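Reader: I'm new to this one and would like a friendly tour. Could you show it to me, and then take my questions one at a time?

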Amino acid sequence: MEQMHVITLAIFGVLLLPLSAYAAVYDVSKEGVQNRDITNALLKVWKRAVEAPTASKVLIPKGQWTLKQALLAGPNKAPIDFQVEGTVTAYSDPFDLPDKKGEWWIGMNYLHSLTVSGGGILDGNGKVAWTKNDCHKNTPCTSKRLPYNLSFNFINNSLIKDITIKDSKYFQSNCISSRNVTFQRIKISAPAESPNTDGIHIARSVNIKVLDSVIGTGDDCISFGDEIKDVLIKNVRCGPGHGISIGSLGKTNEEKDVTGITIDNCTFINTGNGVRIKTWPSTPSTLKVTDIKFTNLIMQNKASLVQISKLKIDNIKGTSATQDVLIFSCSSTKPCQDVHIGNIDLRFSGDPKLGGPTTQCQNVKYTSTGKQNPPLCVKTSAPKPLPK
């Protein structure tokens, strides 16, 4: 069986309108809300906003609200600002949904010129669902599919900013088949032990940005599927969680190339990995992964980072909980190549009796500039015991 590619290292635009520019403001609290449940009210005002010929705002005002489920779909005729100022909480039963086939709690599909903002909280109330999720243990899962908190599909020229997404029953958010979408100043949180609560999953999309955000989950802070072009992840703090993962890729022939992902100026705190790229071994897929840049990353007590071809790793610093701070473990038939490594300063935070930090390399072709601590692809030995 061919070895899987794994490299592990411890390591747009949207026009924002002033309030006076909106021809209509649709406030869900003025639509006959009963028992703080805004489900019917939100669906009612959303239909008006989608049909409005000029820019409109859908408002969830400050306060505590509950929501069963909502599909907020287009196409819309004019820009929409979905302003969440209050705290909206899902019901705890993960399977008591009006649309049981919907893989979302709040779904936003086929929209353009959308802004989601307001400083509010979308609380997926996932504690009960986590006990019913066996996907992290069994493949395929025996449990029913659980809903995402906030799902974006076929969204163009849009901005999601200044909101909190927390405690989803499954993935916190996704961005699929979309173009020119920016996530900025987003806070995403779930306990470290919550299964499959990826922060943002991105796939089949072009020109996506995640900026100035804090993400801590029980799975990947950000994960990527296939068919991606031009993604920037910058100024993101990740942890707890598994880190940032590209893949696994290449499982089927239908998957398409991944190109142009930059992860810059990010900090990883107590995450299982740093940044990873994962591909399936012995696959017939001809998928290519190229133009990937990992720069200016800080690791605090990390176990590992990953990559494949045309990779840049530069200005990586911090501490590692494992002694092997950089591991290239690549396929012998398709080695990792065109890898450039710049300045690295990673320290082993474990027992000093084990020795200093180490690196391991297998089937990787690289060039280096600057200084690397520890030295690249040199397995250093443990310190000699002191004489008695």
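Predicted model: local features only at pLDDT ≥ 70, side-chain atom pairs only at ≥ 80, totals over all residues.

Reader: Let me start with a cysteine, then. Is C175 buried or exposed?
Author: Check its relative accessible area, which is 0%. The cut-off for buried is under 20%, so C175 is buried.

Reader: And C266, which cysteine sulfur is nearest to that of C266?
Author: C266 is itself buried, at 1% relative accessible area. A disulfide is a pair of cysteine sulfur atoms within 2.5 Å. C266 is in no disulfide, and 8.4 Å away is the nearest cysteine sulfur, that of C238.

Reader: How many disulfides are there by this rule?
Author: In general, a disulfide is a covalent bond between the sulfur atoms of two cysteines. One of the pairs here is C221 with C238, and another is C361 with C377. By this rule the count is two.

Reader: Which parts of the chain does the pair of C221 and C238 tie together?
Author: The sulfur atoms of C221 and C238 are 2.1 Å apart, and with 85 degrees about the S-S bond the link is right-handed. Strands here are DSSP runs (E, at least two residues), as helices are (H or I, at least four), and both are numbered from the N terminus. C221 belongs to strand 18 (residues 220–224) and C238 to strand 19 (residues 228–238), so the parts tied together, 17 residues apart in sequence, are strand 18 and strand 19.

Reader: What about the link of C361 and C377: is it right-handed or left-handed?
Author: The two sulfur atoms of C361 and C377 lie 1.7 Å apart. The pair links distant parts of the chain, with C361 in strand 29 (residues 358–362) and C377 in the segment after strand 31 (372–373), 16 residues apart. The angle about the S-S bond is -75 degrees, and the link is left-handed.

Reader: What do D345 and R347 form with each other?
Author: D345 is partly exposed at 29% relative accessibility, and R347 is partly exposed at 48%. The closest N and O atoms of the two are 3.2 Å apart. The cut-off is a side-chain nitrogen of Lys or Arg within 4 Å of a carboxyl oxygen of Asp or Glu, so D345 and R347 form a salt bridge.

Reader: Where does K57 lie, the one that meets D81 in a salt bridge?
Author: The side chains of D81 and K57 come to 2.9 Å, N to O, and both residues are buried. The pair links distant parts of the chain, 24 residues apart: D81 is in strand 6, and K57 is in strand 3 (residues 56–60).

Reader: How many aromatic pairs does the structure hold?
Author: Rings of Phe, Tyr and Trp (its six-membered ring) pair if their centres lie within 6.5 Å; planes under 30 degrees apart are stacked, over 60 edge-to-face, and the rest tilted. By that rule, the structure holds six.

Reader: What kind of pair do W46 and F82 form?
Author: W46 lies in helix 1 (residues 39–51) and F82 in strand 6 (residues 80–84), so their pair ties together parts 36 residues apart in sequence. W46 is buried at 3% relative accessibility, and F82 is buried at 1%. Their rings are 5.9 Å centre to centre with 75 degrees between the planes, which is edge-to-face.

Key
Residues numbered from 1 in each chain as written. Heavy atoms only, no water. Buried < 20%, exposed > 50% of the residue type's maximum accessible area, 1.4 Å probe, protein only.
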